[in-house]
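User: I want to learn to read a model feature by feature. Please take me through this one.

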Amino acid sequence: MSTLALAVRDSTTMLRRNLLHARRYPSATLNLLLTPIMMLLLFVYIFGDVMSAGIGGGGADRSEYVAYLVPGILLMTIGSTVIGAAVHVSMDMNEGLVARFRTMAIHRTSVIIGHVVGSVLQCLASVVLVGAVGVAIGFRSTDATVVEWLAAFGLIALFALALTWIAVGMGMSSPNPEAASNAAMPLILLPLISSAFIPASTMPGWFRPIAEYQPFTPAIETLRGLLLGSEIGNDGWIAVAWCVALTALGYVWATARFNRDPE
């Protein structure tokens, strides 16, 4: 069997293992979904009228804020879901399972690839569920073409891949699952200081660069442009550049930690 065929076979086996684990413990994934769903409902039904008036510059219309908010919540869902990948990787590392896999005749990177692909699939499923909640409370896309929908899905998948690799690196580097969960918390906090809830242009001058020069804001603005027809500008290629850079960083980090001899 060739090296590529061996890698595909072993990665598929590890992916099946992770999907079975997620199916047996659905509460772990559902708990991670609570944060974006609660944020969506909170900001729509508690602050929606006021925020719509502020963003629209006129009368309160909650539907305007729903349209503005949902793209940011979708990417926040990814940040929330990948925390599970960091925790599960850390559990495998600390329970000796990864050390056992190192001694077996399997492709070394298949363990990591199984976690990454499984996490990306969970992210996409989570985005679909949160998106369904958004549609139920009034979100509607504005004249998005099939190509724009495909581009939006591709951006979401690429963003999920990038954050998953970072989360796997965090899990590999953490001494225990609790530390892995804490290390991945910025993936939930960063959307809170992005343009997910209010335009970056309305933020104080000293705070605005924090919102603008981070991965979530260009990705959110690109997703808004694809789904709602707003101006994308340079945000498209900046978002893709962030995704590629984070994927490369996470891959190098995770594989270096995995290949390190156990202490």
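User: What share of the contacts with a separation of 6 or more joins residues 24 or more positions apart?

Analyst: A contact means heavy atoms within 4.5 Å. Here 81% of the contacts with a separation of 6 or more link residues 24 or more positions apart. This is a predicted model: local features need pLDDT of at least 70, side-chain atom pairs count only at pLDDT 80 or more, and totals for chains, interfaces and linings use all residues. Residues are numbered from 1 along each chain as its sequence is written, and side-chain values use heavy atoms, with hydrogens and water left out.

User: How many helices and strands does the chain have?

Analyst: Both are DSSP runs, numbered from the N terminus: helices are H or I, at least four residues, and strands are E, at least two. The chain has 12 helices and 0 strands.

User: Which span should helix α6 have?

Analyst: The expected span is 1.5 Å times one less than the number of residues. Helix α6 has 27 residues (110–136), so it should span 39 Å; its end C-alpha atoms are 39 Å apart, which agrees. Just after α6, G138 takes a positive phi of about 120°.

User: What about T109: where is it placed?

Analyst: T109 lies in the loop between α5 (97–102) and α6. Buried means under 20% relative accessible area, exposed over 50%, partly exposed in between (1.4 Å probe, protein chains only). At 22%, T109 counts as partly exposed. Its C-alpha atom is 9.8 Å from that of A254, 145 residues apart along the chain.

User: And F47: what is its relative accessible area?

Analyst: It is 36%, so F47 is partly exposed. F47 sits in the loop between α2 (26–45) and α3 (48–56).
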